[in-house]
Amino acid sequence: MSYSLTLYLVDLEKARGAIGSGDDKLRRMIGGRFKTALAHADEWFDSEIESGAPTRYEAVKAVINGGPYDAAHGFQYGYAYQTICEFYGRFLDNNDFSPFRGEWLEMVDEGLAKLGIGVRVTDFMYGSIPSQLPRPEHLPCYGEWSPQECAQALAEWEATTAEQRDALDREVLAAINSCIGWTREAQARPGWGVAGFGF
């Protein structure tokens, strides 16, 4: 079985602030901009919706309104939060992390550690969505790199030597370069960080 990370460059405070905001304009804008994607998501999860899960748009509405939630279908609110991150943010290149198998994230984390870089890509696969929302039973997983963590990781990368980098597996180094690219993009937008969803 393969997995995937989907990542966004986003103002994390703004995205989190949408939860329970009651912002009807935001709800309408998301419904308009993502109308086709929301409908496609409902087709993908049609059996769950038939069993009582909210539609994706209903889940987005609940997240913005701060409820009501049906904890039995927590996955929909996780995906709704992803939609909010996509609305406020920008998709980041995930070619080195979609798809992936086995211990790939752990291998990249090991490479980051060898270089003295403190962030971990497993944060995106083994974390959970914001605590205000019902926790999904399985997917999506969620994690963040704060603006401060991105700045620190970039500084740590810039302190590495060519010899340290060349000692790593080529594929691992390529994935780390992608990660550092995310941190550079975050630094170009003060206050922005990385939101990552694992599937």
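Colleague: What should I know before I start?

Modeller: This model is predicted, so local features need pLDDT of at least 70 and side-chain atom pairs count only at pLDDT 80 or more, while totals for chains, interfaces and linings use all residues. Residues are numbered from 1 along each chain as its sequence is written, and side-chain values use heavy atoms, with hydrogens and water left out. Helices (H or I, at least four residues) and strands (E, at least two) are DSSP runs, numbered from the N terminus.

Colleague: Thanks! In what order do the strands of the open sheet stand?

Modeller: Start with the general idea: strands of a sheet pair through backbone hydrogen bonds, either parallel or antiparallel. Two strands count as paired if DSSP finds at least two bridges between them. Here, four strands make an open sheet, ordered β2-β1-β4-β3, with antiparallel pairing. The edges are β2 and β3 (141-145), each with a single partner strand, so one side of each has no neighbour in the sheet. From one strand to the next, the twist averages 30 degrees.

Colleague: How many bridges join β1 to β4?

Modeller: Six bridges join β1 to β4 (residues 193-198), and Leu-5 has Gly-198 as its bridge partner in β4. On the β2 (residues 90-92) side, β1 pairs over three bridges. Tyr-8 is a handy landmark: it stands opposite Phe-91 in β2 and opposite Ala-195 in β4. Further along the sheet, five bridges join β3 to β4, where Gly-143 is partnered by Gly-196.

Colleague: Which way do the side chains of β1 point?

Modeller: In a regular strand the side chains alternate between the two faces of the sheet. In β1, Leu-5, Leu-7 and Leu-9 point one way, and Thr-6, Tyr-8 and Val-10 point the other way. Buried means under 20% relative accessible area, exposed over 50%, and partly exposed in between (1.4 Å probe, protein chains only). Six of the six residues of β1 are buried, so this strand is largely enclosed by the rest of the structure. β4 is mostly covered too, with six of its six residues buried.

Colleague: Now a helix. Which residues of α7 are buried?

Modeller: In α7 (residues 104-114), they are Trp-104, Leu-105, Val-108, Asp-109, Gly-111 and Leu-112. Looking down the axis of α7, these residues fall within an arc of 160 degrees, so they line one face of the helix; the arc is that of the directions from the helix axis to the C-beta atoms. They pack against β1 (5-10), α8 (122-126) and α11 (170-187), where contact means heavy atoms within 4.5 Å.

Colleague: And how do α2 and α5 cross?

Modeller: Two packed helices are described by the angle between their axes and the distance between the axes. Axes are lines fitted to C-alpha atoms, for helices over the stretch in contact, and angles run from 0 to 180 degrees between N-to-C directions. The axes of α2 (residues 24-33) and α5 (residues 56-65) come within 10 Å and cross at roughly 160 degrees. The two are therefore roughly antiparallel (angles under 35 degrees count as roughly parallel, over 145 as roughly antiparallel, 65 to 115 as roughly perpendicular and the rest as oblique). Among the residues making the contact are Ile-30 of α2 and Val-60 of α5.
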